[in-house]
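Hi everyone, thanks for coming. I'd like to walk you through one model today, starting with the whole chain and then moving to a few details.

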Amino acid sequence: MFKPLLRALRYLGKYWHLALATFICLILATVATLFIPKLGQLAIDQGILQRNWPRVLRLSLGVVAFALVGALFQFARGALAARTAQGVAYDLRNTLYAKIQKLSFSYHDRAHTGQLLTRATSDVEAVQRFVGMGAIMFLSALFMIVGSLGVLFSFSWRLALIVVAMLPLTFAIFGIFARKATPLFRKAQRRLAKLNTILQENLAGVRVVKAFVREHYESERYEAANWELYDINIQVNRILSLGFPTIFGTLNLATLAIYWLGGFQVIGGTMTVGELVAFANYLMMAFFPVLMLGMLVAQLSFAAASAARIFEILDAQSEIVEKPDAIELPRIKGRVAFENVTFRYYESAEPVLKNVSFVAEPGQTVALLGATGSGKSTIINLIPRFYDVSEGRVTIDGYDVRDVTLKSLRSQIGIVLQETTLFEGTIRENIAFGRPDAPMEEIIQAAKAAEAHDFIMSFPDGYETHVGERGVTLSGGQKQRIAIARALLLNPRILILDDATSSVDLATEYRIQKALERLMKGRTSFVIAQRVATVLNADLILVLEKGEIVARGTHEELLETSETYAEIYYSQLEPELLLEKAQGGEEVAR
């Protein structure tokens, strides 16, 4: 159950010097605290009972001195522990983020954003609290219990045996509550992740929610998830609320037994009043750490559940892994070949692509046409190795993409995906996302090539205009053109356009197409388009149907040889021709 938490504690290795200093401060603070009841005993027996007020004053000052020393070391312990915990949390967050970035597309296809956010925030904080407070509390409690028991036995071994007998009972009670609470903590984290998922989806899709007047439905959905989290937390607190009164009851019984039996010893002359008072204080010192351990059990269970969820991600295996002997892909010419490629998203699933083979020569433009789900996007996802083929292979200039490093492969491929993603920041930063050090002249040149320069300069701040989260301040066509400029700034040898003009009007599409025609010269380009008119000049058109290439060739060749292509072509162009003919007839009539 606690194995993931022990793994998390390994992150302390980097901060061993801080951990050691914390440990030393903990010991010194514990020793200083243990001296205080002993001084109180002497103040009673040698001062108050003997009416020796100077002795009382000196011993009282000693109590104050040891209390100040203990407080000083407690402060140092707390400050050092906080630095250690923050360091562990810092490393955990960085490791977790780096792992999420490295995980393959297939992992993110299955993962929920809200769950990933919960693990990178709430779960890391739970582990951080344990490292910063829980582990120190455990050591502090352990030292205090051992030290107090040692002093108790020095006073009276008979009375000390009462304490020793009560401690296992107390730990047994905590063990029972821990076993009941731990599964609830895990369930609480899962429900928190569900709540965060709903919140993230609604914040990202707030415009859709409002457009379809679904605010009430989404509020009810969020309220239901919130109630589930509330209910599980109530169950957890009910268990904890039952546990602590039980422990306090045990402590009161132990105190009663000590005063009862110790009183007889004082009356019999085998123990002084000061020793009995000191014994009672040491009893509290022995049991108070047990209460600390009770709180620690709750924190430990919560942290263990969180650590397990963190390591679920850190232990996840990415399906896209570089080979140990992967080589750097040299500057490519751009010859892309698919050799009998079959692809499944899951091993048991139906193939999305079936025995796909074709060659794109350097500088050629390859257009992919087909209905939704025919495999167009899958083909372009295999080129930069977002997924690995199930059978066959994909090569670039003869290199199997699985034999080269991902960085050297993807840095030579420019991509404009169908779903445009911009980041919080300026337009300039978004265009230069792939080349942060690109000079302004090249950024402007890329924007002009993408037909974006004019609308950018229409903003008061020009290229320093902030686009807002996910580019919400820009229209779909403006975001698309910035994405095209971002890809072109890389000056890639391979250019992938996944329906890149779908979000622009016909006039803008025409301008972009003209610009792209110039820019695609000398580059191997893959174009997915819904409209046939945008790919008429492609060197090779692949018509896909249910994951197979059913026709290939140029526009003229396909019109003669492929009924599927001809049907697509005429179904799209015939309405336009009829409209032009009708408009021409009206002009003649006039």
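What percentage of the residues in the protein chain is buried? Of the 590 residues, 47% are buried. Please keep in mind as we go that this is a predicted model.

Let's stay with the whole chain for a moment. The protein chain contains 18 helices and 10 strands. If you take the contacts with a separation of 6 or more, 77% of them join residues 24 or more positions apart.

Now, on to the cavities. Which residues line it? You'll find Leu382, Arg385, Tyr387, Asp388, Val389, Val394, Asp400, Val401 and Arg402 there. By type, that lining has five nonpolar residues and four charged ones, with no polar residues.

One of those lining residues, Asp400, brings me to my last stop, because Thr395 counts Asp400 among its contacts beyond four places in sequence, and burial of Thr395 follows from its 3% relative accessibility, under the 20% cut-off. Where does Thr395 sit? Its place is in strand 4, which covers residues 391–396. Besides Asp400, and again leaving aside neighbours within four places, Thr395 touches Arg335, Val336, Ala337 and Glu339.

That's my tour, and I'm happy to go back to any view you'd like.

Definitions and conventions
Residues numbered from 1 in each chain as written. Predicted model: local features only at pLDDT ≥ 70, side-chain atom pairs only at ≥ 80, totals over all residues. Heavy atoms only, no water. Helix = DSSP H or I, 4+ residues; strand = E, 2+ residues; numbered from the N terminus. Buried < 20%, exposed > 50% of the residue type's maximum accessible area, 1.4 Å probe, protein only. Contact = heavy atoms within 4.5 Å. 1 Å grid on protein atoms, 1.4 Å probe; cavity = no way out; pocket = protein on both sides within 12 Å on 5 of 7 lines; lining within 4 Å. Nonpolar A, V, L, I, M, F, W, Y, C, P; charged D, E, K, R; others polar.
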